[in-house]
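Student: Please take me through the labels attached to this model, setting each value against the rule that stands behind it.

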Amino acid sequence: MLWTARAPGLLPFATMARAPTPESLLDKTFPPMLATLVEALPPAQPEAAWTLELKYDGFRALCAVSDGKVAMWTRNGLDLCARFPTVAGALEKIRAPELVIDGEIVVLDDAGVSRFQLLAGGQGSTAVLFVFDLLWLDGKDARSLPLEERRHLLEKLLKKPPRGVLLSERVEGPSADALARVAAAGHEGLIAKRNGSVYATKRSRDWLKLKAHAGQELAIVGFTPNKGHAAMVGALLLAFAEGGKLHFAGKVGTGMGARLSRVLFEREGRDAVSAPSLKGAPRMRDATWVQPKLVAQVQFTEWTKDRKLRHPSFQGLRADKKPLDCVVEKKS
């Protein structure tokens, strides 16, 4: 069954009279589909079985529009409208009776590359939404439609999108060549989607994540001071979650600006504890251990054999994640 997207502004009287709230639409379609991290596409399947899309480096956003009203949630159900009002304002201009779309809120650098550092560094007013899937349209659940049909409907709906809303970029294969190209351009990687697949509200192998750079969300469990400057963080002490507990993952001292370093020193100092409550915490004379509340996005080269970060670089804070959400992604 091929659906058709109704022209903007043509709302039936019944829909106008009984428009659901955008939050109720998100309740119907939550949680979002998640991709599985892999080294490469399955060798037993032809490359033509997959569609490649650019992977964006930002906040996952499940967005609902209903009669001009908008709701945006993170993958954990946190509100994004207050943090990104320009994106919410752009979505309000999509005059669909009922709509739920899936996407990523990002900030682009001068080269058009999404950078989490810019998003986390206070440049949210320049954020845009890249839309990559359609979940609900005009009172109908679109998740059971095949990937190609959902994309077709999305392209028709966003043929002339409002400023600040863009369709996700498709990338030509083969996947190994495509990953090399996007890595050279500075992008985070690719998402490979199985042709003909439905939208499943779980982690699925119908969506595969191919990363150009290693990255991980990690809980902040302490800090060491900056020896050259008072009241500044020198390095953040980090941990990953496993079995419902936090495990020490090392420290990161690069990538923080002076302003954030001072803010973290003051904020984390208020949450100081006498001893760390995590596995594998080393004895460090200059360490201040804290009650874990914040999550850092960290880029690094690899995990060591004892599960510590090698050559980490701080990218920013993640308001959409909690410390126990920081489970290490393993390639399968």
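**Exposure and salt bridges**

Student: What makes Glu302 count as buried, partly exposed or exposed?

Tutor: Glu302 has a relative accessibility of 38%, and since buried means under 20% and exposed over 50%, Glu302 counts as partly exposed. Please keep in mind throughout that this is a predicted model.

Student: Why is the contact between Arg310 and Glu302 called a salt bridge?

Tutor: The label requires a side-chain nitrogen of Lys or Arg within 4 Å of a carboxyl oxygen of Asp or Glu. The side chains of Arg310 and Glu302 meet at 2.8 Å, N to O, and this value lies within the 4 Å cut-off, so the name applies. Arg310, at 34% relative accessibility, also counts as partly exposed.

Student: How do you know that Arg170 and Glu53 form a salt bridge, and where in the chain do the two residues lie?

Tutor: Their closest N and O atoms are 3.4 Å apart, which is within the 4 Å limit, and therefore the pair qualifies. The pair links distant parts of the chain, with Arg170 in strand β9 (residues 170–171) and Glu53 in strand β2, 117 residues apart.

Student: What can be said of Glu242 and Arg307 by the salt-bridge rule?

Tutor: Glu242 and Arg307 have their closest N and O atoms 2.8 Å apart, and they form a salt bridge. This pair too links distant parts of the chain, with Glu242 in strand β13 (residues 233–242) and Arg307 in the loop between β17 (302–303) and β18 (309–310), 65 residues apart. Both are partly exposed, Glu242 with a relative accessible area of 33% and Arg307 with 36%.

Student: How many salt bridges does a search of the whole structure find?

Tutor: The search finds 18.

Student: What makes the phi of Arg307 worth noting?

Tutor: Arg307 is not a glycine, yet its phi is positive, at about 60°. His311 is a further case, with a positive phi of about 55° although it is not a glycine. His311 sits in the loop between β18 and β19 (313–317), and its 60% relative accessibility is over the 50% cut-off, so it counts as exposed.

Student: Which kind of peptide bond, cis or trans, joins Phe30 to Pro31?

Tutor: The bond is cis, with omega near 0°, and Pro31 is found in the loop between α2 (22–29) and β1. The bond from Gly173 to Pro174 is likewise cis, with omega near 5°, and Pro174 lies in the loop between β9 and α6 (175–184).

Student: What makes up the lining of the largest pocket, in terms of nonpolar, polar and charged residues?

Tutor: The lining divides into 11 nonpolar, 7 polar and 18 charged residues. It comprises 36 residues, of which Lys55, Arg75, Arg203, Lys209 and Glu329 lie nearest the centre of the pocket. Strands β1 (34–37), β2 (50–55), β10 (189–194), β11 (203–211) and β12 (214–225) each supply at least two lining residues, and the space in the pocket is about 780 Å³.

Student: How many helices and strands does the protein have, and how do you know how compact it is?

Tutor: There are 7 helices and 19 strands. The radius of gyration is 21 Å, close to the 20 Å that the globule rule gives for 332 residues, so the protein is as compact as a globular protein of that length. Of the 332 residues, 49% count as buried. Among contacts with a separation of 6 or more, 70% come from residues 24 or more positions apart.

Definitions and conventions
Residues are numbered from 1 along each chain as its sequence is written. This is a predicted model: local features need pLDDT of at least 70, side-chain atom pairs count only at pLDDT 80 or more; totals for chains, interfaces and linings use all residues. Side-chain values use heavy atoms; hydrogens and water are left out. On a 1 Å grid over the protein atoms alone, a cavity is a set of points where a 1.4 Å probe fits but cannot get out, and a pocket is an open set with protein on both sides within 12 Å along at least five of seven lines; lining residues have an atom within 4 Å of a point. Grid points are joined across faces, edges and corners, and a volume is the space filled by probe spheres set on the points. Helices (H or I, at least four residues) and strands (E, at least two) are DSSP runs, numbered from the N terminus. Ala, Val, Leu, Ile, Met, Phe, Trp, Tyr, Cys and Pro count as nonpolar, Asp, Glu, Lys and Arg as charged, and the others, Gly among them, as polar. Buried means under 20% relative accessible area, exposed over 50%, partly exposed in between (1.4 Å probe, protein chains only). The radius of gyration is taken over C-alpha atoms; the globule rule is 2.2 Å times the number of residues to the power 0.38. Contact means heavy atoms within 4.5 Å.
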